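The following report concerns a single structural model. It treats helices, strands and backbone angles in turn.

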Amino acid sequence: MPGLCRAAIPMSVRYIFRPGPSKQDETGGWPSELHLSQAQAAARAGLSLRYLEYLERYPARPTPVALRQLAAALRTTPAALLGAGSNAPPGHADLRAISKLRPAECRRLIAPGGVGRIAFGTLSGPVVVPVNFTVLADTIVIRTAEGTIIDGHADEQVALEVDHIDDALCQGWSVLVRGPAHRVTQPAELRRLQEDAAVWPWPGGEREVYVRIIPTEITGRRIEMRPSP
């Protein structure tokens, strides 16, 4: 995730140790230690030798893509390459910190629209359904079809969760929107959504029921790598 990885950690590509035992280690499928030259490691990872030399020579953090390629080539994990589970040199340790997001930042993160999860209560208990959504005039707009479970709960209090997760770097953000939803039936409002709300449900088909969520509460949090004090 651009902008999140600020700490610099030196890496060694000559000796990569897998943290702790694993089934692969026990069966011999993955060696616990690799002895590779920089040229061999660069070739395996599909990276420039000069770039890998830079990472080896100076405390630096590669891009997420380069980190994944290098981890795959060395049969380890991105977290292990970044020093997880090891004693990092003073001043280079990373800590994962959780911070609350301000409402304005939450709105910025979800503004492009995309895929979220709408939640509402039913007689049989809470239900969470993935949906495509867009943001229009500070409201959340989704489209569904007649007779769907979302259509049946379109005029209730709902929640919408949106997130972005980087599994490799174990960081990301999550935004939760709460508020009343309503099925749009007023002709002028419906016409505006049909013209301006760019939301295209993945399932396709006839999905001409527009549901609008009016946010009354927006919260969020981010987990990211930060250098230790």
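Which residue in β6 is the bridge partner of D163? The bridge partner of D163 in β6 is S174.

## Basis of the model

The model is predicted: local features need pLDDT of at least 70, side-chain atom pairs count only at pLDDT 80 or more, and totals for chains, interfaces and linings use all residues. Residues are numbered from 1 along each chain as its sequence is written, and side-chain values use heavy atoms, with hydrogens and water left out.

Helices (H or I, at least four residues) and strands (E, at least two) are DSSP runs, numbered from the N terminus. Two strands pair if DSSP finds at least two bridges between them. Strand β5 covers residues 157–166, and 10 bridges join β5 to β6 (residues 171–183) in an antiparallel arrangement. Strand β2 (residues 114–122) also runs antiparallel to β5, and three bridges join these two strands. Within β5, A159 stands opposite A119.

L160 lies in β5. With a relative accessibility of 0%, L160 counts as buried; the term buried means under 20% relative accessible area, exposed means over 50%, and partly exposed lies in between (1.4 Å probe, protein chains only). Contact means heavy atoms within 4.5 Å. When neighbours within four places in sequence are left aside, L160 is in contact with G116, R117, I118, V131, F133, I140, V175, L176, V177 and I213. L160 and G116 are 44 residues apart along the chain, yet their C-alpha atoms are separated by 6.5 Å.

## Strand β7

Strand β7 (residues 209–213) is mostly covered, with five of its five residues buried. V209, V211 and I213 point one way from the strand, whereas Y210 and R212 point the other way. I213 is also among the contacts of L160.

Two strands pair with β7 in the antiparallel sense: β4 over five bridges, and β6 over three bridges.

In helix α4 (residues 64–73), the residues A66, L67, L70, A71 and A73 are buried. Seen down the axis of α4, these buried residues fall within an arc of 160 degrees, so they line one face of the helix; the arc is that of the directions from the helix axis to the C-beta atoms. The face of α4 turned away from the buried side carries the exposed residues V65 and A72.

The buried residues of helix α6 (residues 103–110) are C106, L109 and I110. These residues cover an arc of only 85 degrees around the axis, which puts them on the same side of α6. The exposed residues A104 and R108 are carried by the face of α6 turned away from its buried side. An α-helix has 3.6 residues a turn, so residues three or four places apart point the same way.

## Positive phi angles

Most residues other than glycine have a negative phi. Where does A137 lie? A137 is located in the loop between β3 (125–136) and β4 (139–144), and its phi is positive, near 55 degrees.

D138 is found in the loop between β3 and β4, and the phi of D138 is near 65 degrees, also a positive value in a residue other than glycine. D138 is exposed, with a relative accessible area of 57%. Just after α4, R75 takes a positive phi of about 55 degrees.
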